[in-house]
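I opened the model and kept notes as I went. The entries follow in the order of looking.

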Amino acid sequence: MNILETDRAFKIEVCVPGVSRENCRIHIDKNNVLRINGTRRWNQETDAVGFTKKEFNYGSFDCSFVLSDSIQREKITSSCRNGILIISLPKRDRIENDDRS
């Protein structure tokens with residue numbers, strides 16, 4: 001997982017090879033916790049091939065982060081490209097942050 005912070009936003013990248021965007025769930029709970037979870041599905045067809053060694057991981061994944069009040073929850077976006085789930089968390093303008101204090 002990679003987390004990048006800029007002046008304008010946070011960007012979270014989660015490596016999810018073989019997982020479609022539809023199999024990932026992104027949720028913010030009432031305590032302002034961002035939760036990312038999903039399932040890497042096992043492909044039964046690979047058992048018939050007779051691998052000598054298999055290192056691919058299958059199963060559920062789950063991670064969570066407490067969001068800062070500086071995040072604009074209503075503007076959070078996500079996409080999935082080339083096995084990377086990308087979540088963009090825009091920050092509020094600095095003036096808006098100062099008014100909230």
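I began with burial. Buried residues make up 28% of the 101 residues in the protein. I took buried as under 20% relative accessible area, exposed as over 50%, and partly exposed as in between, with a 1.4 Å probe and protein chains only.

I noted the ground rules. This is a predicted model, where local features need pLDDT of at least 70, side-chain atom pairs count only at pLDDT 80 or more, and totals for chains, interfaces and linings use all residues. Residues are numbered from 1 along each chain as its sequence is written, and side-chain values use heavy atoms, with hydrogens and water left out.

**Surface and contacts**

I looked up the accessible surface of the protein, which comes to about 7500 Å². Carbon and sulfur atoms hold 46% of that surface. The areas come from the Shrake-Rupley method with a 1.4 Å probe; for residues, only the protein chains shown count as cover.

I then turned to contacts, meaning heavy atoms within 4.5 Å. Of the contacts in the protein with a separation of 6 or more, 52% join residues 24 or more positions apart.

**Secondary structure**

I found 1 helix and 7 strands. Along the sequence the pattern reads β-β-β-β-β-β-β-α. These are DSSP runs, numbered from the N terminus: helices are H or I with at least four residues, strands E with at least two.

**A sheet**

I traced an open sheet of 3 strands in the order β3-β4-β5, with antiparallel pairing. Its edge strands are β3 and β5 (59-66), each pairing on one side only. Pairing requires at least two DSSP bridges between two strands. The twist averages 10° from one strand to the next. Axes here are lines fitted to C-alpha atoms, for helices over the stretch in contact, and angles run from 0 to 180 degrees between N-to-C directions.

I checked β3 against β4: 5 bridges join these antiparallel strands. R25 stands opposite N37 in β4.

Most residues other than glycine have a negative phi. I therefore looked at the exceptions. N32 has phi near 65° and is found in the loop between β3 (24-28) and β4 (33-40). N82 has phi near 50° and is found in the loop between β6 (77-81) and β7 (84-90).

Which of these is buried, and which exposed? N32 is buried, at 13% relative accessible area. N82 counts as exposed, at 81%.

**A ring**

I saw K91 over the face of F10, at 4.9 Å from the ring centre. The rule wants NZ of Lys or CZ of Arg within 6 Å of the ring centre and within 35 degrees of the ring normal.
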